Amino acid sequence: HIRTDAEKLKVIVLRDMGPDVMPLLYDRPELNVVMWPHDKACKRQWILENVPGASGILATIVDKIKAGPSLRVISTMSVGYEHIDVQTAAQRDIKVGYTPDVLTEAVADISVMLALMASRNGRQGIEFVGRGEWPHWAPYTLCGPQLSTNPITQTRTAGFIGFGRISQATLSRLIPFGFTNCIFTSSPTSKSNPQVEEELRKKFNLRSLRRGTLDDVARGSDVVFVLAPGGPQTYYIVNEDFLRKMKKTAVLVNTARGTLVDSDALAKALREGWIWGAGVDVVEGEPDVGIDHPLVKEPRCVIVPHIGSATNETRLTMASLAAKNLIAGLFNEPMPVPLQL
Ligand code: DGY
């Protein structure tokens, strides 16, 4: 018996996951796979037309997902899930899958890249060369603060807003650079645990590692990494007040979500020299970030377009994990990585 589409479980796929992953879905005879066929964000109208009758949805961070009546599974190819209405999903008993862990190393890599680029005037240097204006070598041309141990004070402090997997993977990369101290803030609902902090301090072989207030992070860090989830709780956690408290030689790196940082305040901080530089992979309002955006106009702001997890290996792993989460959810098997709602 060959199933008709009506007898199959309909799943809508909001982005082509590529030739190595789509067969995981297409090869299941029980599924009627309806995929948005274009290589750009899925049109809202297309989702509305296709979601009726769908049991599962495979999404990315660019799609806002609110559960329709037939939906049983939402799978997102991302660690972030603020684009999903998880409250409604929980109420309706809809399973949600996501892809943490597998992107941790890639995002930690790019966080360090942005810290280096922001400190060492990466953007200005590249732009000079691109314009055919290679500057004459001179003792202090394009100098910036050193990321490795300060040869004068023999210390370096890394600051983290959010201290989960990606922050800790970033910290581990900074140890060989000679970082000596770490200070972090973490979600207000998670409790301070001096014993765990002491274990981490030893693990990273640091002089100190401690949880502090946002103020402590702003004032004490040579580099601040913004690595907390998006959403209303962290909206503009880096604002004018925070930036004014940072060291003038410090850099800010945001590889989390654009909404955590007030772009206007950051542009002002760079323009007026409250901080040295910034490296951002995410900007509020992306992808509508044009050449007139205040951050794009700041030469000390290194900006890349949300490519933190964009290594071949990581994106492939994320896509296949997202497909596997979807399939498991649909067939009532344990999802490889469910989101605990
Ligand atoms: C995520 O996974 O949430 C990133 O923003 C996209 O890789």
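Predicted model: local features only at pLDDT ≥ 70, side-chain atom pairs only at ≥ 80, totals over all residues.
A residue counts as near a molecule or strand if its C-beta atom, placed from the backbone, lies within 6 Å of it.

**View 1. Who sits around the ligand?** By that rule, the shell around the ligand is made of Ile61, Ser78, Val79, Gly80, Leu103 and Ser309. Sort them by class and you get three nonpolar, three polar and no charged residues. (Here Ala, Val, Leu, Ile, Met, Phe, Trp, Tyr, Cys and Pro count as nonpolar, Asp, Glu, Lys and Arg as charged, and the others, Gly among them, as polar.)

View 2. Residues are numbered from 1 along each chain as its sequence is written. The protein chain has a mean pLDDT (the predictor's confidence in each residue, from 0 to 100) of 96, and 100% of its residues reach 70 or more. Among its elements, strand S10 (residues 251-254) has the highest mean, 99, while helix H2 (residues 44-50) has the lowest, 92. Helices (H or I, at least four residues) and strands (E, at least two) are DSSP runs, numbered from the N terminus. For the complex, the predictor gives an ipTM of 0.96 and a pTM of 0.96.

**View 3. Inside the largest nonpolar core.** A nonpolar core is a set of buried Ala, Val, Leu, Ile, Met, Phe, Trp, Tyr and Cys residues joined through C-beta atoms within 7 Å. Buried means 20 or more other C-beta atoms within 10 Å of a residue's own, exposed means 12 or fewer, and partly exposed is in between, with C-beta atoms placed from the backbone. The largest core here has 92 residues, and Ile74, Val224, Val226, Val251 and Val253 have the most contacts inside it. Helix H4 (residues 104-119) gives the most to this core, with nine residues. Both domain 1 and domain 2 supply at least three residues each.

**View 4. Zooming in on Val251.** Two residues are in contact if their C-beta atoms, placed from the backbone, lie within 7 Å. Skip the neighbours within four places in sequence, and Val251 still has contacts that include Ala115, Ala118, Val223, Ile275 and Trp276.

View 5. Four residues from domain 1 and seven residues from domain 2 make the contact. On the domain 1 side, that's no nonpolar, two polar and two charged residues.

View 6. Most residues other than glycine have a negative phi, and most peptide bonds are trans. Asp101, in the loop between strand S5 (95-97) and H4, has a positive phi near 65°. Asp101 is partly exposed because 14 other C-beta atoms lie within 10 Å. Asn121, in the loop between H4 and helix H5 (122-130), has a positive phi of about 60°. Asn121 is buried, with 20 other C-beta atoms within 10 Å. A cis peptide bond joins Glu286 and Pro287, with omega about 5°; Pro287 lies in the loop between strand S11 (277-280) and strand S12 (301-303).

**View 7. Glu298, buried or exposed?** Glu298 counts as buried because it has 20 C-beta neighbours inside 10 Å. Glu298 lies in the loop between S11 and S12 and touches Ala267, Leu270 and Arg271, not counting residues up to four places away in sequence.

How values were computed
Domains from an automatic or database assignment.
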